[in-house]
Amino acid sequence: MAASRWTTAHAQPVSLRRRGPVLERAILDAALEQLSTVGWNGLTMEGVAAGAQTGKAAVYRRWPSKEDLVADALQAGLPTIDEAPDCGSVREDLYQLCRTVRDAMFSRSGFALRAVLHECDSGSAERFHGLIVRGVIEPSNGLFREVVRRGIERGEVRTDATGDLVFDVIPAMMMYRSKVCGSEWGDTDIAGMVDHVMVPLLRSRAG
């Protein structure tokens, strides 16, 4: 699709002379950019070198394979969500957290991550499984658990609403709608998911 942008770019003369961490950062940034635009299948070492304005040999000296390069690029650029919102109600907390997750999914790093998840064959995907679990799934899951824990303390959420399947609902729906239905998850869609799925699922029986 957009591969021509990268295959023609590598013919341009190399004009920058950088070394060490500065050059490595440029290469990792170029890898993320390629992943987010042409995807896993379109990413090439030559295209990354062109994007970083360096020679192909400089890329291969540091990363002997595409998988090695992408693993480090994702490690350096995975979207991060550091804190669960505390707005006073589980409904508003979930809504704001889902908006934050949505924004991360549609950031450059998020597009790169989704390209890996959607396009890799099973062998390559296995290489990135632990990285994605540690860098994305576990942190975001922990924030959703924090929101639910506070809801239990306020009496809004039933005390047994802490099973793993409960915390799979939001990421599963967002990934399904994004991948299969092409939904970009506008604020109205997020509000509907929270109001019609999550709040009824979590609601305290006393409420």
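Predicted model: local features only at pLDDT ≥ 70, side-chain atom pairs only at ≥ 80, totals over all residues.
Reader: How many helices and how many strands does the protein have?
Author: Read along the sequence, the pattern is α-α-α-α-α-α-α-α-α-α. The protein accordingly has 0 strands, and its helices number 10.

Reader: What percentage of the residues in the protein is buried?
Author: A residue counts as buried when its relative accessible area is under 20%. The protein has 207 residues, and the buried share is 42%.

Reader: Among contacts between residues at least 6 apart in sequence, what percentage joins residues at least 24 apart?
Author: A contact requires heavy atoms within 4.5 Å. Among the contacts in the protein between residues at least 6 apart in sequence, the share that joins residues at least 24 apart is 73%.

Reader: Are helices α6 and α9 parallel or oblique to each other?
Author: Helix α6 covers residues 90-105 and helix α9 covers residues 164-179; their axes are 12 Å apart and form an angle of about 45 degrees. Angles under 35 degrees count as roughly parallel, and 65 to 115 as roughly perpendicular. The two helices, α6 and α9, are therefore oblique.

Reader: How many charged residues does the contact of α6 with α9 have?
Author: The crossing of these two helices, α6 and α9, is right-handed. From α6 the contact takes L94, C98, V101, R102 and M105, and from α9 it takes I170, M174 and S178. By class, 6 of the residues in the contact of α6 with α9 are nonpolar and 1 is polar, and the number of charged residues is 1.

Reader: Is D93 buried or exposed?
Author: D93 lies in helix α6. Its relative accessibility is 0%, and D93 therefore counts as buried.

Reader: With which side chain does the side chain of D93 make a polar contact?
Author: Setting aside residues up to four places away in sequence, D93 touches P85, D86, C87, G88, V147, R150 and R154. At a distance of 3.4 Å, the side chain of D93 makes a polar contact with the side chain of R150.

Reader: What is the distance of the polar contact between the side chains of R145 and D164?
Author: R145 is part of helix α8, residues 122-154, and counts as partly exposed because its relative accessibility is 29%. Leaving aside neighbours within four places in sequence, R145 is in contact with T162, D164 and F167. R145 and D164 are 19 residues apart along the chain, and their C-alpha atoms are separated by 9.7 Å. Between the side chains of R145 and D164, the polar contact has a distance of 2.6 Å.

Reader: Is the crossing of α5 and α7 left-handed or right-handed?
Author: Helix α5 (residues 66-77) packs with helix α7 (residues 108-119) at an angle of about 145 degrees, and their axes are 10 Å apart. The crossing of α5 and α7 is left-handed.

Reader: How many nonpolar residues does the contact of α5 with α7 have?
Author: Helix α5 contributes V70, L74 and G77, while helix α7 contributes S109, A112, L113 and V116. By class, the contact of α5 with α7 has no charged residues and 2 polar ones, and the number of nonpolar residues is 5.

Reader: How far apart in space are E24 and R62, C-alpha to C-alpha?
Author: E24 belongs to helix α2, residues 20-42, and is partly exposed, with a relative accessible area of 33%. Leaving aside neighbours within four places in sequence, E24 is in contact with R62 and W63. E24 and R62 are 38 residues apart in sequence, and their C-alpha to C-alpha distance is 8.3 Å.

Terms used. Residues numbered from 1 in each chain as written. Heavy atoms only, no water. Axes fitted to C-alpha atoms, helices over the stretch in contact; angles between N-to-C directions. Helix = DSSP H or I, 4+ residues; strand = E, 2+ residues; numbered from the N terminus. Parallel < 35°, antiparallel > 145°, perpendicular 65-115°, else oblique. Left-handed = near helix turned anticlockwise from the far one by under 90°. Nonpolar A, V, L, I, M, F, W, Y, C, P; charged D, E, K, R; others polar. Buried < 20%, exposed > 50% of the residue type's maximum accessible area, 1.4 Å probe, protein only. Polar contact = N/O pair within 3.5 Å; in protein donor to acceptor, adjacent residues only side chain to side chain.
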